[in-house]
Amino acid sequence: MTRPKPEAFNKVKTVAENRRARYDFHIDDKYEAGIVLTGTEVKSLRFGEGSIAESYAEVRDDQIWLINANIPEFSHGNRFNHEPKRPRKLLLNEREINKLHGAVMRQGMTLVPLSIYFNGRGRAKVELALAKGKKAPDKRATEKERDWKREQGRIMRDRG
């Protein structure tokens, strides 16, 4: 009997977050993907090191790869230490990979990693989003809306 999948991602410890992605992209769907790591990469992530600010994902040979994610070398690693910016394979169901591949090819969408985290079972996961790039006016509108919400909060606090 299979385990029921949780509705929301069960994030226990967030290691790296791509906060810029929510500003630069309209996010449509989110997926939880496993990530293939070596031992020193896992240790480096457990120490809270890692960056996905400039990274993206792409479909190659019916597989999804995380490109340009920086996981620095483990400080106590020996000669078997890993390469910091190597491409890393993401683990998804074949149906999900086909769906993402179709959206990227036909609709011009982008695969953007939102965060790397450890779930309740101690496995490293990547929160992957299917997103469409924003134009400059969209970014200005988002910023204006955020500023207005912040101002509303200030007004309500001062009133009460």
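## Nonpolar cores

A nonpolar core is a set of buried Ala, Val, Leu, Ile, Met, Phe, Trp, Tyr and Cys residues joined through side-chain atoms within 4.5 Å. Buried means under 20% relative accessible area, exposed over 50%, and partly exposed in between (1.4 Å probe, protein chains only). This is a predicted model: local features need pLDDT of at least 70, side-chain atom pairs count only at pLDDT 80 or more, and totals for chains, interfaces and linings use all residues. Residues are numbered from 1 along each chain as its sequence is written, and side-chain values use heavy atoms, with hydrogens and water left out.

The largest nonpolar core has 25 residues. Ile64, Leu90, Leu92, Leu100, Leu111 and Leu128 have the most contacts inside it. At least two core residues come from each of β1 (11-17), β2 (25-35), β4 (63-67), α3 (94-107), β6 (110-119) and β7 (124-133). Helices (H or I, at least four residues) and strands (E, at least two) are DSSP runs, numbered from the N terminus. β7 gives the largest share, four residues. Another core, of five residues, lies apart; Ala21, Leu114, Ala129 and Ala131 are among them.

## Serine 115

Serine 115 sits in strand β6. Serine 115 counts as buried because its relative accessibility is 0%. Its contacts (heavy atoms within 4.5 Å), not counting residues up to four places away in sequence, include Lys11, Ile52 and Glu127.

## Leucine 91

Leucine 91 belongs to strand β5 (residues 88-91). With a relative accessible area of 44%, leucine 91 is partly exposed. Beyond residues up to four places away in sequence, leucine 91 touches Ala33, Gly34, Ile35 and Val36.
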